[in-house]
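Here are a few notes to go with your first look at this model. I've kept them to charged pairs and pockets.

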Amino acid sequence: MTDYGHDLLFGTFATPTVQPVRQAVDLAVVADRAGLDLVTFQDHPYQPRFHDTWTLLSYVAARTERVHLSANVLNLPLRPPVVTARGAASLDLLSGGRFELGIGAGAFWDAIEAMGGRRLSPGQAITALEEAIQIIREVWAADKPGGVRVDGEYYRVNGAKRGPAPAHDVNVWIGAYKPRMLRLVGRVADGWLPSLPYFQGGPADLVAMNERIDEAAAAAGREPTGIRRLLNISGEFAPTGRSLLNGPPEQWAEDLAGLTLEYGVSAFILMADDPATIELFAAEVAPATRQLVAEERARAGR
């Protein structure tokens, strides 16, 4: 069993569709009013059927009051690191400390190249992501003396001014699946953000992936328990239980509690575009899961 001991978070992953024009915004408002912790949107700037994610996050921040916001995950190859850092800090300041930075190395390289981005190999993209995260954190370090200087292979910054600093310590969550990306999570990230439907072996795949993250964290002198494990999930509410996340709310709570206690997941982000489903997830699944996990942690003395 691997329970990293984090407090539990619950959120949504809504499609940033252009039509209906405010559907994604309305779903974020539903999540906010229902008491969820996080709303997220995918970032595919080359997809004309979707809103620009950065613009959408800014609009949603103005329409909500307490929920945190993140891309799931930001497409780095089309978003320069210094500009991303300042945009993130500004949105965090304007929202009262409610922004988190979910970010990825990039995908769909034909589309990225068609928009003027650089085509990179998987290995090159990982190196570029590590350089970008270093730059972003240096820009946020507004109290450090001197300008930002990073002489990377893919990103070079020569004396850029620091700041503004975000309102809170913005978390950097990386979307990752393969070994080298998982090791990057262990070295530099505050959290890991994959999607359960992408796991060919189901939740059992989390074991080996967690081990890679933990080993890389330890090798870098970091505490593996400091890295939050988030998970995009999907399923169906049904009167009777059929399979994982396919059943009544009480079964969902048991399933998610198991993912926390056995695999260390502490943030569950529901992939859904239906208000009633989001409200049910917030009203019944989230509190029941928290209770089950708290009871088991108390029994285990954690």
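1. Start with Arg 119, which has a relative accessibility of 42%. That falls between the 20% and 50% cut-offs, so Arg 119 counts as partly exposed. Keep in mind as you look around that this is a predicted model.

2. What does Arg 119 pair with? One partner is Asp 110, in a salt bridge whose closest N and O atoms are 2.3 Å apart. Asp 110 is exposed, because its relative accessibility of 57% is over the 50% limit.

3. Arg 119 also meets the side chain of Glu 113 in a salt bridge, at 3.1 Å from N to O. Glu 113 is partly exposed, with a relative accessible area of 41%. As background, side chains of opposite charge can pair when their charged atoms come close.

4. Next, have a look at helix 9, which covers residues 275-300 and holds both Glu 296 and Arg 299. The two sit three residues apart, about one turn of the helix. They form a salt bridge too, with 2.9 Å between the closest N and O atoms. Is Arg 299 buried or exposed? Arg 299 is exposed at 62% relative accessible area, while Glu 296, at 24%, counts as partly exposed.

5. Across the structure, the salt bridges number 14.

6. Now the pockets. The largest pocket holds about 930 Å³ of space, and 29 residues line it. If you want to find its centre, the residues that lie nearest are Gly 106, Ala 107, Gly 175, Tyr 177 and Tyr 198.

7. Which elements each supply at least two residues of that lining? They are strand 4 (74-75), helix 5 (122-140) and helix 6 (179-188). Helix 5 gives the largest share, three residues. By type, the lining of the largest pocket splits into 17 nonpolar, nine polar and three charged residues.

8. The second largest pocket has a volume of about 160 Å³. Its lining is made up of 15 residues, with Leu 76, Pro 77, Leu 78, Arg 118 and Tyr 155 nearest the centre. Helix 5 turns up again here, supplying the largest share of the lining of the second largest pocket with three residues. This lining divides into eleven nonpolar, two polar and two charged residues.

Notes: Residues numbered from 1 in each chain as written. Predicted model: local features only at pLDDT ≥ 70, side-chain atom pairs only at ≥ 80, totals over all residues. Heavy atoms only, no water. Salt bridge = Lys/Arg side-chain N within 4 Å of Asp/Glu carboxyl O. Buried < 20%, exposed > 50% of the residue type's maximum accessible area, 1.4 Å probe, protein only. Helix = DSSP H or I, 4+ residues; strand = E, 2+ residues; numbered from the N terminus. 1 Å grid on protein atoms, 1.4 Å probe; cavity = no way out; pocket = protein on both sides within 12 Å on 5 of 7 lines; lining within 4 Å. Points joined across faces, edges and corners; volume = space filled by probe spheres on them. Nonpolar A, V, L, I, M, F, W, Y, C, P; charged D, E, K, R; others polar.
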